[in-house]
Amino acid sequence: MGANDLGGANRWRRFDDWDKRPLRLDNFAVEDPENGFSAIAGANDPGPSLSVENGRVTSMDGTTEDAFDMIDLFIARYHLDLTVAEEAMAIPSIDVARMLVDISVPREELVRLAHGMTPAKLAEVVAHLNAMEIAFAYSKMRARATPGNQAHVTNAKDDPLQLAADAATAVAFGFDEIETTMRVSRNAWSNALACCVGAAVGRSGVLFQCSSEEAEELQIGMAGFSSYAETVSVYGTEGSFIDGDDTPWSKAFLTAAYASRGIKMRCTSGAAAELLMGFHEAKSLLYLEARCLCMQRAMGAQGTQNGGIDGAPLAAAIPGGVRELMAENLLAVWLDLECASGNDARSSESEIRVGAKILPFLIAGSDLICSGFGSILKYDNSFNPSSFNGEEMEDYMVLQRDFEADGGLTPRGEDAVLDVRKRAVEAISAVMEELDLGAPDTAMKQSVVFASGSDDTDSYTPGQVSGISAAIKDREITVIDIIRALHARGFTEEAENLLFLVKLRVSGDYLQTSAVIRDGRVLSAINDPNRYGGPGSGYRLSAERRSEIAAIRGVLDKREVLRAEDAYKASEQRAVEYTTMGAATTGSDPDEVVIGISPAFGLQLFRTLAGHPLSRVLAELIAGIEAGGGHARVVRFGHTADTSFLGLSAARLSGSGVGIGLQAKGTAVIHQKDRLPHNNLELFSNAPITQLAHYRGLGENAARYAHGNDPEPVVVPTRGEALGARFHGRVALIYAIETSLTSDGAVPETIAVSFSEPASNRETGS
Amino acid sequence: MSGDPLGKGTLGTGDYPLAEKRPEVVAGRRGKGLDEVTVETIVDGSATIEDLRISPRALRQQAEVARAAGRTALAENFERAAELADVPQDVIMQTYELLRPGRAASRAAMVEAAQGLRDTYGAVRMAAFVEEAAEVYERRGLFRSRY
């Protein structure tokens with residue numbers, strides 16, 4: 001490109017490059033506390049204060065009792081532990097902040113103090129912590145030791161076959177909870193039945209919820225299809241609460257109602273909901289969320305889903321918004337609530353921002369790291385795309401492996417996944433037939449089993465599903481009918497798994513804080529408490545869990561590399577013959593260029609990292625040397641496999657004093673006998689992108705150096721590929737194969753090279 | 001941590017999970033123990049969805065465990081839930097609806113609903129809770145039509 005291409009634009013072109021990045025699709029907002037755009041310092045945020053007279057709160061956070069709104073009233077009556085309040089409010093906030101990151105201050109003590117603190121006090125304390133301290137405090141304060149994760153299972157057609165297959169798939173990958181919702185709201189009953197059947201495939205105990213209208217969701221739970229709920233939304237201002245069509249009292253009533261039906265429940269809140277709804281009162285995200293969380297605890301909810309749920313993208317648009325999301329998750333666990341820690345609605349189009357956001361939670365652990373990890377493809381997510389989706393699930397599992405952090409997922413092989421998908425589709429089809437809800441044919445079933453997303457399926461449409469859903473509701477089908485249908489059709493294991501899940505509600509054990517089901521046992525903050533007290537304590541990966549996490553797809557070892565090389569052995573043996581001619585001596589031909597090949601070259605390794613057969617690479621080098629007026633001689637070295645030393649050793653044997661070093665992986669160098677080992681004439685260090693034409697050019701240049709010329713060096717162009725990431729695993733294994741064949745003092749041998757297909761070998765590649 | 005921390009016959013964190021540690025105290029609505037509800041008894045009809053519903057007793061037991069674990073607010077929720085366990089679904093939904101903003105036209109409607117919970121179902125705590133809501137709603141002007 002020349003200056004003429006500028007087109008008169010008075011702009012550094014890098015800004016054009018930046019404009020094209022996904023990041024620039026994100027909205028960013030100016031900090032504006034008067035209008036609610038403030039992460040932690042709202043224009044109207046009150047300072048912490050509390051007055052108590054005769055066991056009655058008379059003022060809180062700058063508001064006197066007569067001016068309390070519904071939220072203040074509820075918090076004052078049901079959240080504040082007045083036996084602790086005076087002590088807790090008197091400790092300077094910075095001191096409490098330090099206690100949160102002090103491994104010698106137990107979690108129980110901090111929880112006790114939190115119950116005596118007002119929302120403004122709680123917010124002021126966590127605002128003292130930087131992002132790293134928040135993550136650390138979160139890991140110390142979260143309630144249950146073992147981390148977990150939650151999946152979204154939805155699809156764009158509300159197709160019950162796909163819901164069942166995808167639910168079973170999510171179970172296979174290790175999710176503790178599955179949440180569905182609908183494209184068409186009246187399809188709730190069908191979605192619930194389908195996910196409930198799918199989640200019973202493979203293992204028992206994965207909790208399931210159907211996010212629906214409040215009243216309907218409870219009815220679906222009563223029918224035994226779902227086992228938990230988390231859409232009991234709470235807001236931090238009275239105006240948004242009323243617009244949300246509830247009050248603290250109505251939500252507290254609903255909380256008790258869920259428990260009375262034996263259904264696990266958590267609330268939902270999170271930054272920026274009030275801002276989106278237009279009732280922010282010029283208060284910060286953090287302060288309003290502190291009010292929400294005090295209210296949830298006051299209602300007697302065991303937990304929360306927070307950390308910016310629908311409001312996460314808006315929070316992320318504000319300076320410090322992502323740190324605020326972390327801070328509000330910390331508030332939740334500090335108050336002793338189960339925390340499904342957001343990382344839910346995708347808050348950025350930038351994969352870097354998404355990856356950075358998840359890391360603190362991945363390494364700190366969380367009851368549910370994502371309160372909705374899209375186990376399905378983005379376009380199938382009926383909530384909205386999640387931070388992580390079906391597309392990125394392997395990225396997440398590799399992050400677990402990188403950081404040796406338990407993110408709740410377990411890699412699964414292709415056959416295992418296909419097995420559960422087939423099983424789930426057969427199970428839901430059987431249930432539908434038994435209950436006279438439909439009769440899916442083979443083509444429908446097959447399309448779903450192999451489908452990555454609903455674009456690939458030829459199954460039910462949303463309209464057809466509405467009929468199925470209405471039948472389930474009208475005929476008052478319950479989980480009992482499903483268990484019977486599964487049993488009748490021979491799905492005994494699934495019937496048992498489903499019954500196990502419904503039986504959990506008889507004892508109510510899973511109603512306690514932070515309960516999940518692992519290996520058929522309820523695990524909660526009571527029998528698996530987080531007692532982090534510094535290095536060596538708290539949740540640690542067991543050796544078994546570590547190897548599960550490490551077992552991602554497509555890993556290399558030496559055997560795999562040799563097996564892959566062996567596939568090329570036969571064709572190379574047909575293409576070229578290497579004959580040992582005895583110990584190599586120093587040449588006297590001034591036109592000679594020695595090509596020094598590595599120990600495993602053509603013996604155990606047969607192609608370069610770019611995939612070129614070694615016979616062709618050698619043929620190109622020889623052809624290039626000849627084209628430059630030189631004579632090639634091939635020598636195999638056994639004392640080294642290093643490119644530089646191969647090149648220098650070759651140069652010292654060469655009659656011209658110029659030699660080429662060539663490793664089997666394709667790295668090549670031109671050397672001259674009087675130079676220092678790493679001060680070569682030309683080097684092809686990027687073997688994966690080095691083409692046959694480059695080798696030919698290198699041979700030609702070597703001959704020209706031999707004749708004392710100064711040719712233009714051959715440059716292999718790179719487009720910035722992360723070649724280390726793409727190849728270094730294999731490179732290290734290949735190099736180990738090469739070095740295993742070396743021995744000190746090994747004598748170099750002259751090799752006669754005979755190409756059996758010279759015509760094709762002389763073609764130049766590009 | 002152990003069972004019966006107060007020596008009053010109450011359950012403690014050591015009894016948890018009850019289904020595992022104290023199966024003898026766990027039973028469904030009609031008194032069936034966990035062992036009696038199996039795929040077989042569901043198929044033969046001797047176990048029904050009633051046997052898979054939580055009982056007021058189980059909720060009070062979980063309240064004891066929650067209280068022993070220092071979670072008073074959660075325990076109180078379980079106690080309110082114990083009162084609602086016998087309340088029919090339609091009454092639950094009507095009461096919830098009435099508690100939503102703007103549904104009740106006046107305090108009287110809520111007080112009446114509270115009285116019903118108290119008299120018919122013995123839901124003393126829940127009734128007081130609804131009455132408290134009525135008082136707050138009046139104070140905050142929520143008895144206004146929203147649609």
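Two residues are in contact if their C-beta atoms, placed from the backbone, lie within 7 Å. This is a predicted model: local features need pLDDT of at least 70, side-chain atom pairs count only at pLDDT 80 or more, and totals for chains, interfaces and linings use all residues. Residues are numbered from 1 along each chain as its sequence is written, while chains are lettered from A and ligands numbered from 1 in the order in which they are written.

**View 1. Chain B meets chain A.** In this pairing, 46 residues of chain B are in contact with 50 residues of chain A. Helix 4 of chain B gives the largest share of its side, 8 residues. (Helices are DSSP runs of H or I, at least four residues; strands are runs of E, at least two; both are numbered from the N terminus.) By class, this side of chain B has 32 nonpolar, 7 polar and 7 charged residues. Ala, Val, Leu, Ile, Met, Phe, Trp, Tyr, Cys and Pro count as nonpolar, Asp, Glu, Lys and Arg as charged, and the others, Gly among them, as polar.

View 2. Asp176(A) sits in the loop between helix 8 (160-172) and strand 5 (177-180) of chain A. Asp176(A) is buried because 23 other C-beta atoms lie within 10 Å; the cut-off for buried is 20 or more. Not counting residues up to four places away in sequence, Asp176(A) touches several residues, including Gly148(A), Leu368(A) and Val516(A).

**View 3. Distances across chain A.** Chain A is divided into domain 1 (33-141 + 227-340), domain 2 (148-204 + 349-554) and domain 3 (558-761). These bounds come from an automatic or database domain assignment. The centres of domain 1 and domain 3 of chain A, taken over C-alpha atoms, are 67 Å apart. From Asp176(A) to Phe645(A), the C-alpha to C-alpha distance is 56 Å.

How values were computed
Buried ≥ 20, exposed ≤ 12 C-beta atoms within 10 Å, placed from the backbone.
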